[in-house]
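Please read the points below with the model open beside you. They are meant to be checked one at a time.

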Amino acid sequence: MGMRGLYCLALLGAALFSLTLPAAARTCDPARFGAKADGITKDTSAIQAAIDDCAAKGGGTVSLTKGVYVSAPIMLKSNITLDVAAGATLLGSPDHGDYPQATVFRAPGMQSLITTVNAHNIAITGSGIIDGNGGSWWRDAKGARPSGVMGQIVFRPRLIVFDHSRHIRITGVTVQNSPSWQIIPYYSDDMVIRGIKVLAPADSPNTDAIDPFSSSHVVIDHVTADVGDDNVAIKSGKIDSPGPDSPSRDITITDCTFLHGHGLSIGSELSGGAQNIRAERIHFKGTDQGIRIKANRDRGHDVSHVFIKDIDMEDVKTAILISEYYPNVEPPVANTPQPIGQLTPFFHDFHIENVTAKGSKVAAVIYGLPESPVKNLTMKNVHLSADKGMTISDAQGVILDGVTVRAAEGKNFDIRPSATVAQR
């Protein structure tokens, strides 16, 4: 089946699952269980009691009406819609002790403000705000930015985690100010994130907007992301993973606006691989990076069938970055082939079409490994204007079809001897 067929199947699945979302007929009001929504009282127990009451009766809607609901971590359950109405804010507790330490994503971490585990038919709706209240956590980080690395520190809590869950919808809300990553489907399937904003200050550490992690059939549509780290980061596994890790696959990202942040990333942790990723009609403005596919010898796997189309970028530092040397970009001077192992990245079958970028620092870099070059990369109708041009090394079967690069300094195209490139 071709890329178009897989894309249509993903959209069909997203449409079909909405038929099984929780019924809205039953409403469970946290106020009935003592919620004050006064911005001071912790309403955790009342919100959880409303969720549990709805779940015990087969499901329904837990509605947060006007006010500020301060809460420690809560657990959503199957067949529950959490509706955050206009004028309502679910605000993470400012007390760090309210977030228990836990194993999260097979690594040390803390429980998120909202979590599901082995749940299905879940929705978060409304036009209100879910705020992680992350400022004090960012200050405590003291400027340390561990680049999303897992398993090396006790991480700050994330904001919303769907753990081994399915049939999920998030619409309308504004999600903001997480202590770290904001929305994470983890080993989850069949999810639509549509018409939301994900926000955090540009200098807030590790506040990725949406990170599908070993998840499948994910639709990210009409999302505005203005954050301190990746606007979207597709992941699977961790550094030096012993395995097994499941891939992320069948993910579509459409009609989005990415402002501050580190762009649309696949990686860097990809020990389960990633396949069938489609991104179309995305506007980048002032983003640190644009399209970025990244891994290294200690965190890679098969990354393939990536289709990117109709992208425009303004003032993005690097428009297109494909590198198997993360956290570095360029290969080392002494770059000899290494033995191929379980975590060797294999990047192949990428198609990038109808891309314009203006005001970039770097137009594009494609750096494969000598033992595992990037293979079968096609760029069509791509027009990049930058201080520096496009560099390609350790890549095979690269086709540049109607590609123009205007570099203010140096070469427009620097094609190294280790690359085979056809220009049309």
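The notes that follow cover the disulfide, the cores, and a few backbone details of this predicted model.

1. Start with the cysteines. The structure holds one disulfide. It is formed by C28 and C54, with a distance of 2.1 Å from S to S.

2. Are the two cysteines buried or exposed? Buried means under 20% relative accessible area. C28 has 2% relative accessibility and therefore counts as buried. C54, at 0%, is buried as well. A further cysteine, C256, is also buried, because its relative accessibility is 2%.

3. Next, the interior. In soluble globular proteins, nonpolar side chains tend to be buried together. Here the largest nonpolar core has 95 residues. Those with the most contacts inside this core are L90, I183, I253, M379, L384 and M390.

4. Setting aside residues up to four places away in sequence, L90 touches I47, L64, Y69, S71, I74, L82, L113, I114, I129, I130 and D131. The list includes S71 and D131 beside residues such as I47 and L64.

5. What does L159 contact beyond its neighbours within four places in sequence? The contacts are S112, L113, I114, I130, D131, G132, V175, Q176, S178, W181 and Q182. V117 is 42 residues from L159 along the chain, and the C-alpha atoms of these two residues are separated by 14 Å.

6. Now the peptide bonds. Where does the chain have cis peptide bonds? One joins G243 and P244, with omega about -5 degrees. P244 is in the loop between β21 (232–236) and β22 (248–258). Another cis bond runs from G267 to S268, where omega is near 10 degrees. S268 belongs to strand β23 (residues 264–270). Please look at both places in the model.

7. N133 is not a glycine, yet its phi is positive, about 55 degrees. N133 is placed in the loop between β12 (129–131) and α3 (135–140). With 24% relative accessibility, N133 counts as partly exposed.

8. The other asparagine is N276, a residue other than glycine with a positive phi near 60 degrees. N276 is found in strand β24 (residues 274–285). Is N276 buried or exposed? Its relative accessible area is 15%, so N276 is buried.

How values were computed. Residues are numbered from 1 along each chain as its sequence is written. This is a predicted model: local features need pLDDT of at least 70, side-chain atom pairs count only at pLDDT 80 or more; totals for chains, interfaces and linings use all residues. Side-chain values use heavy atoms; hydrogens and water are left out. A disulfide is a pair of cysteine sulfur atoms within 2.5 Å. Buried means under 20% relative accessible area, exposed over 50%, partly exposed in between (1.4 Å probe, protein chains only). A nonpolar core is a set of buried Ala, Val, Leu, Ile, Met, Phe, Trp, Tyr and Cys residues joined through side-chain atoms within 4.5 Å. Contact means heavy atoms within 4.5 Å. Helices (H or I, at least four residues) and strands (E, at least two) are DSSP runs, numbered from the N terminus.
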